[in-house]
Amino acid sequence: MKNHEIDYKLHGDDMQFVEIELDPQETVVAEAGSLMMMEDGISMETIFGDGSNGSSASGIMGKLMGAGKRMLTGESLFMTTFTNTGSGKRHVYFASPYPGKIIPMDLSQYRGKIICQKDAFLAAAKGVSVGIEFQRKLGAGFFGGEGFIMQKLEGDGLAFVHAGGTIHRKSLQQGEVLRVDTGCLVAMTSDVEYNIEMVKGVKTALFGGEGLFFATLRGPGTVWIQSLPFSRLASRVFAAAPQTPGGRSSDEGSVVGGLFNMLGGK
């Protein structure tokens with residue numbers, strides 16, 4: 001096994017966090033800002049790239065290329081490692097950024113590779129490579145929203161992916177086709193054939209409220225679907241928030257303003 005072998009435990013239901021147990025000198029790699037807490041004896045270090053063996057073996061240029069690819073996904077150039085430098089077992093905890101589920105994935109059970117949504121990665125055992133997966137048809141990809149650039153997790157260790165709402169894991173048979181909103185696609189195995197297609201029918205595309213594109217997945221393979229993409233949650237919250245011409249929420253200062261008007265202020 002090339003990756004560090006870590007143990008874990010999930011806590012919570014809708015706002016989950018994962019507890020990772022590290023033996024001495026074991027390391028876990030995580031996205032910046034995902035740490036919840038850690039025990040004494042764990043050393044934290046910011047690294048350039050993902051810290052996988054592949055990126056260290058390829059030298060400075062390889063690390064720069066990897067970092068540049070991470071910029072395309074909107075992620076930070078740097079990641080954080082957490083290493084147990086003590087003599088006994090230690091624990092580090094990572095929290096989900098918004099309501100949803102944390103999905104543990106043993107990459108050795110999926111031919112060493114999982115393709116996931118660009119902001120889904122939470123943490124992984126050291127040695128797991130975090131890269132990007134390009135959609136082959138760039139023309140469709142550029143207009144496909146979340147479907148254009150996806151992350152790929154490669155290795156034989158544990159990785160943790162986060163998604164919103166309820167997660168549905170579906171196994172596709174040979175030739176079976178599933179059409180999914182691009183934002184609802186969380187992850188898939190590397191053997192799934194993946195493409196982005198435009199919604200047919202002008203009226204459906206313009207007035208259907210479901211966007212212009214969807215992801216077409218063809219089996220065999222396994223896919224993970226989320227019921228509440230963060231983009232959908234954010235757009236609903238933003239749409240529901242009353243706005244005033246000054247950019248402030250309409251209820252800000254409403255009480256003070258009402259009292260001022262009652263007292264005769266104009």
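Me: Which residues make the nonpolar surface patch of about 250 Å²?
Reply: Leu-35, Met-38 and Met-44 make that patch. Keep in mind that this is a predicted model.

Me: OK, and where does Met-38 lie?
Reply: Met-38 sits in strand S4, which covers residues 35-38.

Me: Is Met-38 buried, partly exposed or exposed, and why?
Reply: Met-38 counts as partly exposed because its relative accessibility is 33%, and partly exposed is the class between under 20% (buried) and over 50% (exposed).

Me: What stands opposite Met-38 in S7?
Reply: That's Val-92. S4 and S7 run antiparallel, and three bridges join them.

Me: How many bridges join S2 to S7?
Reply: Six bridges, linking S2 (residues 17-22) to S7 (residues 90-95), and these two strands run antiparallel. As for a partner in S7, Phe-17 is bridged to Ala-95.

Me: Switching topic: what's the strand order in the open sheet of three strands?
Reply: The order is S15-S18-S17, with antiparallel pairing. S15 (177-181) and S17 (193-198) are the edge strands, and each of them pairs on one side only.

Me: And by how many degrees are neighbouring strands of this sheet turned against each other on average?
Reply: The average is 30°, with direction ignored.

Me: How many bridges are there between S17 and S18?
Reply: Six, in the antiparallel sense, with S18 spanning residues 213-218.

Me: Which residue of S18 does Ile-196 stand opposite?
Reply: Ile-196 faces Ala-215 there.

Methods:
Residues are numbered from 1 along each chain as its sequence is written. This is a predicted model: local features need pLDDT of at least 70, side-chain atom pairs count only at pLDDT 80 or more; totals for chains, interfaces and linings use all residues. Side-chain values use heavy atoms; hydrogens and water are left out. Patches are made of residues with over 30% relative accessible area and no salt bridge: like charges are joined within 9 Å, nonpolar side chains (Val, Leu, Ile, Met, Phe, Trp, Tyr) within 5 Å. Accessible areas come from the Shrake-Rupley method with a 1.4 Å probe; for residues, only the protein chains shown count as cover. A salt bridge is a side-chain nitrogen of Lys or Arg within 4 Å of a carboxyl oxygen of Asp or Glu. Helices (H or I, at least four residues) and strands (E, at least two) are DSSP runs, numbered from the N terminus. Buried means under 20% relative accessible area, exposed over 50%, partly exposed in between (1.4 Å probe, protein chains only). Two strands pair if DSSP finds at least two bridges between them. Axes are lines fitted to C-alpha atoms, for helices over the stretch in contact, and angles run from 0 to 180 degrees between N-to-C directions.
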